[in-house]
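Here are a few quick notes to go with the model. Have a look at it first, then read on.

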Amino acid sequence: MLKFIKPEAVQVRFKGLFYGDWGVWKTTQMIQFPKMAYVDMERGSDKYWKTLEAKGSMRIQTTSYHELLEQVRALSREPHEFLTLGID
């Protein structure tokens, strides 16, 4: 039996990695994405609150790898309005 199906439009999500030296605006570029679940591992997001708020984003500040994993798992299991996950 043939298993071919008609193609459908699907939502394709951007996956990216920002890498570079300190001070080259990696965080500034990352927080431009809308509705971000932003994990601040460096505790440096305090000065970006206006941009995060304007983009409809929310943040958690943690230095715990276990809390990071817990939050990523929760995002994959629970309904939410986020469109982007940023880990800094």
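1. A word on terms before anything else: helices here are DSSP runs of H or I with at least four residues, strands are runs of E with at least two, and both are numbered from the N terminus. With that in hand, lysine 35 sits in the loop between helix 1 (26-30) and strand 1 (36-40). Keep in mind that this is a predicted model.

2. On the overall layout, the protein chain carries three helices and three strands. Reading from the N terminus, the order is α-β-α-β-α-β.

3. Now the shape. The radius of gyration of the protein chain is 16 Å, whereas a compact globule of 88 residues would come out near 12 Å. Along the principal axes, the C-alpha atoms fill a box of roughly 60 × 25 × 25 Å.

4. What share of the 88 residues counts as buried? For the protein chain, the figure is 19%. The accessible surface is about 7,800 Å², and carbon and sulfur atoms account for 57% of that.

5. Back to lysine 35. Its relative accessible area is 36%, so the residue is partly exposed, a class that runs between the cut-offs of 20% and 50%. Leaving out residues up to four places away in sequence, lysine 35 touches Lys55, Gly56, Ser57, Glu81, Phe82, Leu83 and Thr84. Tyrosine 65 is 30 residues away along the chain, and its C-alpha atom is 23 Å from that of lysine 35.

6. Last, charges: the protein chain has 13 positive and 11 negative ones, and their mean positions are 7 Å apart.

Conventions
Residues are numbered from 1 along each chain as its sequence is written. This is a predicted model: local features need pLDDT of at least 70, side-chain atom pairs count only at pLDDT 80 or more; totals for chains, interfaces and linings use all residues. Side-chain values use heavy atoms; hydrogens and water are left out. The radius of gyration is taken over C-alpha atoms; the globule rule is 2.2 Å times the number of residues to the power 0.38. Buried means under 20% relative accessible area, exposed over 50%, partly exposed in between (1.4 Å probe, protein chains only). Accessible areas come from the Shrake-Rupley method with a 1.4 Å probe; for residues, only the protein chains shown count as cover. Lys and Arg count as positive and Asp and Glu as negative; His and the chain ends are not counted. The place of a charge is taken as NZ of Lys, CZ of Arg, CG of Asp or CD of Glu. Contact means heavy atoms within 4.5 Å.
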